[in-house]
Amino acid sequence: MKQTSLPQNQTPLQQYPRTQQDHINWIRLIRSRRVGPTTFHRLMRKHETVEACLDELPHIAKQAGVNNYQLCPYDIAEAEFFESQQRGYRPLCYGAPEYPVLLTDTHDAPPLLWTKGHLECLAKPTIALVGARNASSLGRRMTQTLANDLAQAGYSVVSGLARGIDAVAHKATLEHGTIAVVAGGLDVHYPRENEQLYKDIPQNGLLLTEQPSGLIPQARHFPMRNRIIAGMAQAVVVLEGAARSGSLITARNALDIGRDVMAVPGHPFDGRAAGCNFLIRDGAVLVRSAQDVIEALAHPEAETVETSEPESTNTVMDVSTANAHAKILGLLGSAAVPEDTVIRDSGLPARKVSQHLMDLEMQGQIERQPGGLLARAN
């Protein structure tokens, strides 16, 4: 099961940080209030250098009606940089040669990832294995076999280092170089029962996060982690997952960016299999073994991928900023919708909608969610 991908980021690749000062300024920008990954990339596309973005951000905030806007203090960004380096973490910034290539094909690719371990793992083709925390015995056995066989075939297995299916996938591929994406800081071992995995994975594999050291993950951080897992993988395989679960969120993220979604079927009476069975019903590849995954990737279905920004054919010109903001807000509610849908339904030029969205985000009137989705702020 696959959907067409959304427009790609266009942050100039030559602008990634190369010096200590560059890294600190990069951290300042992404840690500044109301600057998420999507806004970060928009600022960089327009102003080209992080220094120019930092200079312009207070003016952009003022134009959006936010007075006394304060950038992330320099000493905070500097402390994050040096403390992380002292812990042995390496910064990996968007555009750097080692940055996961597939992840750059997403709207909200993390501008900065903190890593520990072997970056060479990112160079291999990557498959995500995700599933239930309260995994069944059969689910664990299937995960162990599938993960080991995929690793033997030359794939890096990526998962979220949660209990259950995630932990089994990582343990099965420790010797081959597993990749773990975590929701908090790399120094925060969550859940505590996976503390040994935090220590073992960097020996042959890789730990990574977009969060600073010391951050204890909250509920909102897990969907953010899931979008990274989906973004860096060629395919997402769901082994067990309820109808409403984090595993299904990861699958949804994968579909939104045009990745393959596959699932292992389960018994209809087992609630942990409901999500997998729903995915298969809706077109996901049914997985019985690693060979099913490999064959599905080797024979992709023909499709046409729309990569350019959609331009409305019913453009409304010379609309005041206030009216444009009202029009966009009128299209949004508490339920998140894709950004390209907002652009299409607004009847405004795509470039102007992008600017208005940035203004509304700076004002705190809209929220961005993983997968390029937008919703009104509560």
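The lining of the largest pocket in this predicted model comprises 13 nonpolar, 8 polar and 10 charged residues (nonpolar: Ala, Val, Leu, Ile, Met, Phe, Trp, Tyr, Cys and Pro; charged: Asp, Glu, Lys and Arg; polar: the others, Gly among them). Of the 31 lining residues, Val35, Gly36, Pro37, Met224 and Arg368 lie nearest the pocket centre. A pocket is an open set of points on a 1 Å grid over the protein atoms alone, where a 1.4 Å probe fits, with protein on both sides within 12 Å along at least five of seven lines; lining residues have an atom within 4 Å of a point. At least two lining residues each are supplied by α1 (20–31), α2 (37–47), α8 (221–232) and β11 (366–369).

The protein contains 14 helices and 12 strands (DSSP runs of H or I, at least four residues, and of E, at least two, respectively, numbered from the N terminus). Buried residues account for 54% of its 378 residues (buried: under 20% relative accessible area, 1.4 Å probe, protein chains only).

Gly185 is located in the loop between β5 (179–181) and α7 (195–204). This residue counts as buried because its relative accessibility is 0%. The C-alpha atom of Gly185 is separated by 5.3 Å from that of Gly214, 29 residues away along the chain. Beyond residues up to four places away in sequence, Gly185 touches Gln211, Pro212, Ser213, Gly214 and Leu215 (contact: heavy atoms within 4.5 Å).

Residues are numbered from 1 along each chain as its sequence is written, and side-chain values use heavy atoms, with hydrogens and water left out. In this predicted model, local features need pLDDT of at least 70 and side-chain atom pairs count only at pLDDT 80 or more, whereas totals for chains, interfaces and linings use all residues.

How values were computed: Buried < 20%, exposed > 50% of the residue type's maximum accessible area, 1.4 Å probe, protein only.
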